[in-house]
Amino acid sequence: MFASAPRIQRRVDACAAPAAWLLLAAALLPAVAVAVADDPPPAPAATEEPVPASSDAEPPAPTVPPSETGDAAGEPPPAAPEPAPPPPPQRVHLIIDRNTEVGGRLVRESPDEIVIERNGKEEVHPKARILTIVPLVEPAPGQQGTVRLRDGTTYQGEVLADEYAGVRMRIAGIDSWYPRDSVLQVVLEDSDAVKYERFREAIPAADHVRRLAMCRWLFERRMYTECLTELDALLADFDIGDARRLRRTVLAQIALEQPSSGENDGGFGETDPDPARGTVPLRDLLPQRILSADDVNLIRVFEIDFRRPPRITIEPETIRTLIEEYAAHPAVPATSEGRTRMFRADPVDLVRLMFELKARDLYPQIEVESEPYALNLFRQRVHDAWLIGNCATSRCHGGLEGGRFFLHNRNSRDERVRFTNLLILLQSTWPERPLVDFDRPLDSLVIQHALPRTQARFPHPDVPGWKPVFTSANQRLLADSLRWIESMYQPRPTYPVDYEPPLLRPDLEVPFEGTVPPAGPTR
């Protein structure tokens, strides 16, 4: 049996005589080509010996299986497989000059010009007159990426669409829109499946910290099967409490979602990493859960300073609910006229009333539209001024080597990230001291660890790369940081926010002792 035309040709070449070989090969080539084009014949059995190239015997006539030519009943051969759909046409955005930009479908491109289709018509643009050609991307569902704005700002999140008019992204659960005239380019990240393969290649088997971080990353991506596999391998090498607890959670999640065929692969289909694109940055293994917008608003409510009140809005429906639920309280007007005046009252006075009534079920309905004084100080003079640039770097407490104290540094200008870092500072303690000490602000570890080691009562551990923040040239920054602590609401309230600071040390069985300080009277 002849497997292919090239094989016949090799045999013909190997036998220079007789000439009948050539005639026979010429007669067989069309038939074999048809068989190859339709469907390759089955491979020969393992015991079948190949025909020697130098044999003088006349080769047998080729046979074609009946399934390929139709059997005696005249059944037609099977239909050829459907061709794969063509990829979507490449879309581009051309920045021609400061005042002219156009976008369209790429028709063709040469070294000298580019042709696009726009509004049903083809346009030819010389490349010598184009400032930038920006290819638009086609993100897969859930695919992450980075949008680069023309002012140098970058944002990372889920890329929803890269359109001619602009870019739609979902950043930390919030849908955002960036007009095209402010966008430079969108860069897509690898799929989660590709990242997972690269993580496995990059992380040594002895690095249990990063292996556990990878398991958490898989869990957050709902890749439960892969997460369970990695946890079992990790627990076979190390007995880690956090890994055991995470494994129980994964098993419970798998049980909840059964049956789930093909759900955990994310629908990306791509599993073979491309070495030319480099390794995936390990920052993708870092904790990513941050506070919600409702959590941010609730913290603002608890930090309202009535001496310097922020902008507040309270909807009439909330006032109506307040009257109905607390109608018997002496602080609520008993007359119809008095209750009507409540709908025209200053929102700050209504908040005072809610705090007096301890109407905590209505606190989430108070809309704080600007930052209270203390939180504004934290943003300007602590978080953005030195905490992110000095403590939350990837080689310090913003990376996998941050130990028991972690700060988020991705999208650090996002208020949800900032309030998450604030809550981490307020809820975390070192074994001996809290990070923020409201009784003795100067003794706060967040302050002490930023002082020069020769001036600190509780100096920062001696680690490579550490530098003090509050040097002799930055004494005003120190004063403002202490003023932030002193201006926070006292006695300290307990925020009704469900959040636990991330823990990157798998060898610690429980969070730090005294994570949440004892709460006194609260609002």
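**A walk through the predicted model**

Let us start with a pair of strands: strand S1 (residues 91-95) and strand S2 (residues 101-109) run antiparallel and are joined by 5 bridges. Strands, like helices, are DSSP runs numbered from the N terminus, with at least two residues of type E for a strand and at least four of type H or I for a helix; two strands pair if DSSP finds at least two bridges between them. The model is predicted, so to speak of its local features a pLDDT of at least 70 is needed, side-chain atom pairs count only at pLDDT 80 or more, and totals for chains, interfaces and linings use all residues. Residues are numbered from 1 along each chain as its sequence is written, and side-chain values use heavy atoms, leaving out hydrogens and water.

Strand S3 (residues 113-118) pairs with S2 in the antiparallel sense over 4 bridges, and Ile116 of S3 stands opposite Leu106.

These strands belong to an open, antiparallel sheet of 5 strands, in the order S4-S3-S2-S1-S5. On average, neighbouring strands here are turned by 45° against each other, direction ignored; axes are lines fitted to C-alpha atoms, for helices over the stretch in contact, and angles run from 0 to 180 degrees between N-to-C directions.

In the loop between S3 and S4 you will find Asn119. This residue is not a glycine, yet its phi is positive, about 55°. Asn119 counts as exposed, at 72% relative accessibility (exposed means over 50% relative accessible area, buried under 20%, and partly exposed in between, with a 1.4 Å probe and protein chains only). Lys358, in the loop between H11 and S12, also has a positive phi, near 55°. Its relative accessibility is 40%, so Lys358 counts as partly exposed.

A further open sheet has 5 strands in the order S9-S8-S7-S6-S10, again with antiparallel pairing. Its edge strands are strand S9 (174-179) and strand S10 (183-188), each pairing on one side only. Strand S8 (residues 166-171) is joined to S9 by 6 bridges, and Arg170 has Asp175 in S9 as its bridge partner.

Now to the helices. Helix H8 (residues 293-302) has 8 of its 10 residues buried, so it is largely enclosed by the rest of the structure. Among the buried ones are Val296, Leu298, Ile299 and Phe302. Their cover includes helix H11 (347-357), strand S12 (367-368), H12 and H13.

How do two helices pack? Such a pair is described by the angle between the axes and the distance between them. Helix H12 (residues 373-391) and helix H15 (residues 475-487) pack at about 145°, with axes 9 Å apart. Residues of H12 including Leu377, Phe378 and Trp386 meet residues of H15, among them Leu477, Asp480 and Trp484; contact means heavy atoms within 4.5 Å. The residues of this H12 and H15 contact divide into 9 nonpolar, 2 polar and 4 charged (nonpolar means Ala, Val, Leu, Ile, Met, Phe, Trp, Tyr, Cys and Pro; charged means Asp, Glu, Lys and Arg; the others, Gly among them, are polar).

After H15 comes the segment that holds Pro491, and the peptide bond from Gln490 to Pro491 is cis, with omega near -5°. Ser444 is in the loop between helix H13 (415-427) and helix H14 (445-448). With a relative accessible area of 0%, Ser444 is buried. Leaving aside neighbours within four places in sequence, Ser444 is in contact with Pro434, Leu435, Val436, Asp437 and Ile485.

Stepping back, the protein has 15 helices and 12 strands, and 41% of its 523 residues are buried. Among contacts with a separation of 6 or more, 61% are between residues 24 or more positions apart.
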